[in-house]
Amino acid sequence: MSPSKLLEGESMAMFLQIGEIAEQIPEISPQHKCEYVDQIFKGNPRLQGVCVTENGQAVALIMRIRFYQQIGTLYGYTLYMGRAVELVMDRNPLVVDYKTQITEVSRLAMDRSEENLYDYVLVLHEGHLFGAVSVRDLLLNFAEIQAVAASFLNPLTGLPGNLSINEWMVKSLLQEQFSVLYIDLDHFKAYNDTYGFKEGDRLIQAAAEILKHCALQLEGFLGHIGGDDFIIFISDYQFEDCCRAIIGEFDKVIKEFYHPGHLAQQFVLAESRSGGMEKIPLVSISVAVVTNRFRQFVTIEALSEEAARLKKKCKKIKGSSYVDDSDLAVSQGQAAQPERYA
């Protein structure tokens, strides 16, 4: 699974294929005369280019503006009009497959030389010319994609937010095997109060990077619920090594976010929930793992309730930890592995 799978949201327009916005353009052969191209352009004032093909294969592109720049020179009309288009065609146009994502085509188009920046992008389907996309249409659709993506992604981490998370929650209920990892940071408010929102945001971003690596290894989906809460969905029960890795990496990274004095004493003085000053431990990370090994979930609400139960259990453990739902096996009389605390 590629890194882009982390940002998957199947209803998101950011995965629109270039072929979906391609339009047909005239095809000519390399043997056609330039005067024929002139007739096509004059008969279609809004047409910006034609494709040169051989046996259905796109071999070159002729853009209106450069065609008339060449024809319009002092001797250009006499030199070119009665001769084959091979003299004026661009043999190296940007050619992409129908299924290429618009975001990728936009990058490729903008990487072209200034001379070719506004040329058509030729689109192939099963190896044959399907159509072309103008840079104007490409950029308009890209802007729309960016706007749609913004409604799906958390602005701080760039990770999918609650719209995509809800979709994945529903998907999980339909899977034969799933594990859902609910992750949050312990004592984060005290850190924010002590070091400020800017450092708090930086800490959340650092946690997100650790979780991205884990989600990639598990071929899973990572979402940012909001604040310091994250979620990972995977399609099996192989979560233990990942949980240990998350905890190990976080406990190393968190040391970079505190002054030496706070690290030495292992607490900060911050306002407690009751309003008084209290010694608050350094930030740690908690992972509550819900699976369907011992219980089937019919609704998202039931899944969330089980997550809340395990998170409460996890929070009682000092320092970074993870808890899974092995205790359900005991209550059902099944052989269970011991609960896992890190």
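Predicted model: local features only at pLDDT ≥ 70, side-chain atom pairs only at ≥ 80, totals over all residues.
Residues are numbered from 1 along each chain as its sequence is written, and side-chain values use heavy atoms, with hydrogens and water left out. Local features need pLDDT of at least 70 and side-chain atom pairs count only at pLDDT 80 or more, while totals for chains, interfaces and linings use all residues.

**Exercise 1: the whole chain**

Work out how many helices and strands the chain has, and what share of its residues is buried.

Start with the elements: the chain has 12 helices and 13 strands. Helices (H or I, at least four residues) and strands (E, at least two) are DSSP runs, numbered from the N terminus. Next, burial: 47% of the 342 residues count as buried. Buried means under 20% relative accessible area, exposed means over 50%, and partly exposed is in between (1.4 Å probe, protein chains only).

**Exercise 2: α1 against α2**

Describe how helix α1 and helix α2 pack, and name the residues that make the contact.

Two packed helices are described by the angle between their axes and the distance between the axes. For α1 (residues 34-43) and α2 (residues 64-71), the angle is about 130° and the axes are 11 Å apart. Axes are lines fitted to C-alpha atoms, for helices over the stretch in contact, and angles run from 0 to 180 degrees between N-to-C directions. So α1 and α2 are oblique to each other. The cut-offs: under 35 degrees is roughly parallel, over 145 roughly antiparallel, 65 to 115 roughly perpendicular, and the rest oblique. The crossing of α1 and α2 is left-handed, meaning the near helix is turned anticlockwise from the far one by less than a right angle (clockwise would be right-handed). From α1, the contact uses Cys-34, Val-37, Asp-38, Phe-41 and Lys-42, and from α2 it uses Arg-64, Phe-67 and Tyr-68. Sorted by class, that's five nonpolar, no polar and three charged residues. Ala, Val, Leu, Ile, Met, Phe, Trp, Tyr, Cys and Pro count as nonpolar, Asp, Glu, Lys and Arg as charged, and the others, Gly among them, as polar.

**Exercise 3: α8 against α9**

Say how α8 and α9 are oriented and what kinds of residues join them.

Helix α8 (residues 197-218) and helix α9 (residues 240-253) cross at roughly 155°, with axes that come within 10 Å. That is why they are roughly antiparallel to each other. Their crossing is right-handed. On the α8 side the contact is made by Leu-203, Ala-206, Ala-207, Ile-210, Leu-211, Cys-214 and Leu-218, and on the α9 side by Cys-242, Ile-246, Glu-249, Phe-250 and Val-253. By class, that gives 11 nonpolar, no polar and one charged.

**Exercise 4: positive phi**

Locate Asn-55 and Gln-266, and give their phi values.

Most residues other than glycine have a negative phi. Asn-55 has a positive value, near 55°, and is found in the loop between β2 and β3. With 76% relative accessibility, Asn-55 counts as exposed. Gln-266 also isn't a glycine, and its phi is positive at about 65°. Gln-266 lies in the loop between α10 (260-265) and β10 (267-271), and is partly exposed at 48%.

How values were computed:
Contact = heavy atoms within 4.5 Å.
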